[in-house]
Amino acid sequence: TFPSPFSISKQKTVTIQYTLSADANIDLYLISVSGERIKRFTCLAGAEGGAAGTNKVTWDGRADQGFLAGNAIYVGTIIARDEGRLLGKVKLTIVD
(Lines give C-alpha, C1' and ligand atoms only; values in the text may rest on other atoms or scores of the structure.)
Protein backbone atom coordinates (compact mmCIF):
# COMPACT_ATOMS: atom_id res chain seq x y z
CA THR A 1 0.00 0.00 0.00
CA PHE A 2 1.14 3.54 -0.66
CA PRO A 3 1.28 5.83 1.19
CA SER A 4 1.83 3.90 4.36
CA PRO A 5 0.68 4.89 6.87
CA PHE A 6 -2.27 6.55 5.13
CA SER A 7 -3.91 9.81 6.26
CA ILE A 8 -7.38 10.29 4.79
CA SER A 9 -7.31 14.05 5.48
CA LYS A 10 -3.84 14.61 3.98
CA GLN A 11 -3.39 12.13 1.13
CA LYS A 12 -7.10 11.66 0.21
CA THR A 13 -6.47 8.24 -1.42
CA VAL A 14 -4.33 5.17 -0.84
CA THR A 15 -3.20 2.74 -3.54
CA ILE A 16 -3.18 -1.00 -3.02
CA GLN A 17 -0.86 -2.64 -5.54
CA TYR A 18 -0.47 -6.33 -6.33
CA THR A 19 0.52 -8.58 -9.21
CA LEU A 20 -1.53 -11.34 -10.81
CA SER A 21 -0.07 -14.11 -12.99
CA ALA A 22 -3.28 -14.32 -15.06
CA ASP A 23 -6.57 -12.47 -15.51
CA ALA A 24 -8.98 -13.28 -12.66
CA ASN A 25 -12.21 -12.08 -11.08
CA ILE A 26 -10.96 -10.58 -7.82
CA ASP A 27 -12.57 -9.59 -4.54
CA LEU A 28 -10.42 -7.38 -2.35
CA TYR A 29 -11.64 -7.01 1.23
CA LEU A 30 -10.41 -4.57 3.87
CA ILE A 31 -11.08 -5.97 7.33
CA SER A 32 -10.62 -4.35 10.75
CA VAL A 33 -8.63 -6.11 13.47
CA SER A 34 -11.97 -6.92 15.14
CA GLY A 35 -12.98 -8.84 12.01
CA GLU A 36 -15.48 -6.33 10.60
CA ARG A 37 -15.49 -6.01 6.81
CA ILE A 38 -14.95 -2.32 6.08
CA LYS A 39 -14.66 -2.28 2.29
CA ARG A 40 -15.15 -4.67 -0.60
CA PHE A 41 -13.75 -4.07 -4.07
CA THR A 42 -14.93 -6.27 -6.95
CA CYS A 43 -12.62 -6.36 -9.96
CA LEU A 44 -13.45 -8.14 -13.21
CA ALA A 45 -10.98 -10.36 -15.03
CA GLY A 46 -9.00 -8.33 -17.56
CA ALA A 47 -9.94 -4.98 -16.00
CA GLU A 48 -7.89 -2.94 -13.51
CA GLY A 49 -7.63 -5.01 -10.35
CA GLY A 50 -8.22 -8.27 -12.21
CA ALA A 51 -5.69 -8.15 -15.05
CA ALA A 52 -2.54 -10.19 -15.45
CA GLY A 53 0.44 -8.12 -14.31
CA THR A 54 0.54 -5.19 -11.89
CA ASN A 55 -2.79 -3.91 -10.58
CA LYS A 56 -3.54 -0.75 -8.61
CA VAL A 57 -6.75 -0.28 -6.65
CA THR A 58 -7.31 3.13 -5.05
CA TRP A 59 -9.42 3.82 -1.97
CA ASP A 60 -10.64 7.11 -0.49
CA GLY A 61 -11.03 5.75 3.05
CA ARG A 62 -14.82 5.39 2.87
CA ALA A 63 -16.35 2.17 4.16
CA ASP A 64 -19.08 0.37 2.21
CA GLN A 65 -21.59 1.95 4.64
CA GLY A 66 -20.39 5.46 3.68
CA PHE A 67 -18.51 6.49 6.82
CA LEU A 68 -14.79 7.28 6.91
CA ALA A 69 -12.68 4.46 8.31
CA GLY A 70 -11.10 5.26 11.65
CA ASN A 71 -7.48 5.20 12.76
CA ALA A 72 -6.49 1.55 12.86
CA ILE A 73 -4.63 -1.25 11.17
CA TYR A 74 -6.64 -3.05 8.50
CA VAL A 75 -5.89 -6.32 6.75
CA GLY A 76 -6.59 -6.62 3.06
CA THR A 77 -7.29 -10.00 1.51
CA ILE A 78 -7.09 -10.60 -2.23
CA ILE A 79 -9.39 -13.45 -3.26
CA ALA A 80 -9.74 -15.17 -6.64
CA ARG A 81 -13.54 -15.13 -6.64
CA ASP A 82 -14.16 -18.02 -9.08
CA GLU A 83 -11.91 -20.37 -7.12
CA GLY A 84 -12.52 -18.95 -3.65
CA ARG A 85 -8.75 -18.96 -3.21
CA LEU A 86 -6.71 -16.51 -1.13
CA LEU A 87 -4.03 -14.97 -3.34
CA GLY A 88 -2.46 -12.55 -0.91
CA LYS A 89 -2.77 -10.19 2.03
CA VAL A 90 -1.84 -6.56 2.59
CA LYS A 91 -1.64 -4.40 5.69
CA LEU A 92 -3.04 -0.88 5.69
CA THR A 93 -2.61 1.60 8.54
CA ILE A 94 -4.79 4.72 8.78
CA VAL A 95 -3.53 7.60 10.94
CA ASP A 96 -5.23 10.98 11.02
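The following legends describe close-up views of one predicted protein model.

Local features in this predicted model need pLDDT of at least 70, and side-chain atom pairs count only at pLDDT 80 or more, whereas totals for chains, interfaces and linings use all residues. Residues are numbered from 1 along each chain as its sequence is written, and side-chain values use heavy atoms, with hydrogens and water left out.

**View 1. Overall fold of the protein.** One helix and six strands are present; helices (H or I, at least four residues) and strands (E, at least two) are DSSP runs, numbered from the N terminus. Along the sequence these elements follow the pattern α-β-β-β-β-β-β. The C-alpha trace spans about 35 × 25 × 20 Å along its principal axes. The radius of gyration of the protein is 13 Å, which agrees with the value near 12 Å that a compact globule of 96 residues would have; this radius is taken over C-alpha atoms, and the globule rule is 2.2 Å times the number of residues to the power 0.38. Of the 96 residues, 42% are buried, where buried means under 20% relative accessible area, exposed over 50%, and partly exposed in between (1.4 Å probe, protein chains only). Among contacts with a separation of 6 or more, 55% come from residues 24 or more positions apart; contact means heavy atoms within 4.5 Å.

View 2. Lys-12 is found in the loop between α1 and β1. The phi of Lys-12 is near 75 degrees, a positive value in a residue other than glycine. Lys-12 counts as exposed because its relative accessibility is 52%.

**View 3. Strand β1 and its partner β4.** Strand β4 (residues 53-59) pairs with β1 in the antiparallel sense over seven bridges; two strands pair if DSSP finds at least two bridges between them. Val-14 has Trp-59 in β4 as its bridge partner.

**View 4. The four-stranded open sheet.** The strand order is β3-β2-β5-β6, and the pairing is antiparallel. Strands β3 (37-43) and β6 form the edges, each pairing on one side only. From one strand to the next, the twist averages 20 degrees; axes are lines fitted to C-alpha atoms, for helices over the stretch in contact, and angles run from 0 to 180 degrees between N-to-C directions. Strand β2 (residues 26-32) is joined to β3 by six bridges in the antiparallel sense, and Ile-31 has Arg-37 in β3 as its bridge partner.

**View 5. The hairpin of β5 and β6.** Nine bridges link β5 (residues 72-80) with β6 (residues 85-94) in the antiparallel sense. Ile-73 stands opposite Thr-93 in β6. Four residues lie between the strands of this hairpin, in which Gly-84 takes a positive phi near 65 degrees.

**View 6. Lys-39 and the ring of Phe-41.** The charged end of Lys-39 sits over the Phe-41 ring, 5.4 Å from its centre; a charge sits over a ring if NZ of Lys or CZ of Arg is within 6 Å of the ring centre and within 35 degrees of the ring normal.
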